[in-house]
Amino acid sequence: MKVTLDVNGAQHAVDVSPWKRLLDVLREDLRLTGTKEGCGEGECGACAVLLDGELVNSCLTPLAHAAGASIVTIEGIAADEALHTLQDSFIECGGAQCGICTPGMVLAAFELLSHNSEPTEEDVRVALAGNLCRCTGYMRIFESVLDACRKLPSVPRA
């Protein structure tokens with residue numbers, strides 16, 4: 001079946017089973033390897049992407065569910081080959097270790113910041129709760145998100 005996807009603002013046509021996992025389409029068919037497979041069961045968050053602005057585990061998402069939606073991967077939050085502030089902060093603060101969980105953590109933080117530009121540490125902890133890291137004690141990850149918040153322009157609230 002031919003499916004058209006909007007991934008990181010670009011249209012892609014793929015001819016695969018509609019039941020193929022979105023994770024596999026991104027990595028194998030579109031060669032967007034930033035999205036990682038950790039557990040393959042939706043428990044670790046390594047495969048997280050934004051589907052119409054909502055954080056989802058791409059290992060649990062059949063391609064048919066993503067057809068016609070706007071998909072953003074870790075590659076899609078950078079602009080003109082410049083890393084997003086969140087990505088820079090993860091590097092600067094040591095929030096990125098082995099790299100398996102980092103894309104999911106960054107996208108979870110990105111989704112949080114899309115509706116809360118001044119989160120507390122508790123807000124960050126809750127937003128990233130669906131992401132597992134086996135390398136750090138999480139504090140550097142939380143510090144990375146809060147560091148990015150200090151660097152990003154504040155969004156006026158209604």
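Analyst: Let's start with a rule: a disulfide is a pair of cysteine sulfur atoms within 2.5 Å. By that rule, the count here comes to zero disulfides. Before we go on, note that this is a predicted model: local features need pLDDT of at least 70, side-chain atom pairs count only at pLDDT 80 or more, and totals for chains, interfaces and linings use all residues. Residues are numbered from 1 along each chain as its sequence is written, and side-chain values use heavy atoms, with hydrogens and water left out.

User: Why is cysteine 135 called partly exposed?

Analyst: Buried means under 20% relative accessible area, exposed means over 50%, and partly exposed is in between (1.4 Å probe, protein chains only). Cysteine 135 has 41%, so it counts as partly exposed. Cysteine 39, at 31%, also counts as partly exposed.

User: How many helices and strands does the chain have?

Analyst: Six helices and five strands. Helices (H or I, at least four residues) and strands (E, at least two) are DSSP runs, numbered from the N terminus. Along the sequence, the pattern reads β-β-α-β-β-α-β-α-α-α-α.

User: How do you know whether the overall size agrees with a compact globule?

Analyst: We compare the radius of gyration, taken over C-alpha atoms, with the globule rule, which is 2.2 Å times the number of residues to the power 0.38. With 158 residues, a compact globule would come out near 15 Å; the chain has 15 Å, so the two agree. The C-alpha atoms fill a box of roughly 45 × 35 × 30 Å, taken along the principal axes. Of the 158 residues, 44% count as buried.

User: What makes asparagine 8 worth a look?

Analyst: Its phi is near 55 degrees, a positive value in a residue other than glycine. Asparagine 8 sits in the loop between β1 (2–7) and β2 (10–15). At 27% relative accessible area, asparagine 8 is partly exposed.

User: Why is glutamate 81 called exposed?

Analyst: Glutamate 81 has a relative accessible area of 85%, and the cut-off is over 50%, so the label is exposed. You'll find glutamate 81 in the loop between β5 (70–72) and α3 (85–93). Phi of glutamate 81 is near 65 degrees, which is positive in a residue other than glycine.

User: Which residues of helix α1 are buried, and what covers them?

Analyst: In α1 (residues 22–29), the buried ones are Leu22, Leu23, Asp24, Val25 and Leu26. Their cover includes β1, β2, β3 (48–51), α2 (63–66) and β5. After α1 comes arginine 31, with a positive phi near 60 degrees.

User: What does glutamate 37 touch, leaving aside its neighbours within four places in sequence?

Analyst: Contact means heavy atoms within 4.5 Å, and on that basis glutamate 37 is in contact with Arg21 and Leu23. Glutamate 37 lies in the loop between α1 and β3. With 40% relative accessibility, glutamate 37 counts as partly exposed.

User: Why is valine 145 called buried?

Analyst: Its relative accessible area is 0%, and buried means under 20%, so valine 145 qualifies. Valine 145 lies in helix α6 (residues 139–151). Not counting residues up to four places away in sequence, valine 145 touches Leu86, Phe90, Ala109, Val124 and Leu128.

User: How do you know whether valine 106 is buried or exposed?

Analyst: Valine 106 has a relative accessible area of 1%, which means it is buried. Valine 106 is found in helix α4 (residues 102–115). Beyond residues up to four places away in sequence, valine 106 touches Ile74, Ile77, Leu86, Gln87 and Phe90.
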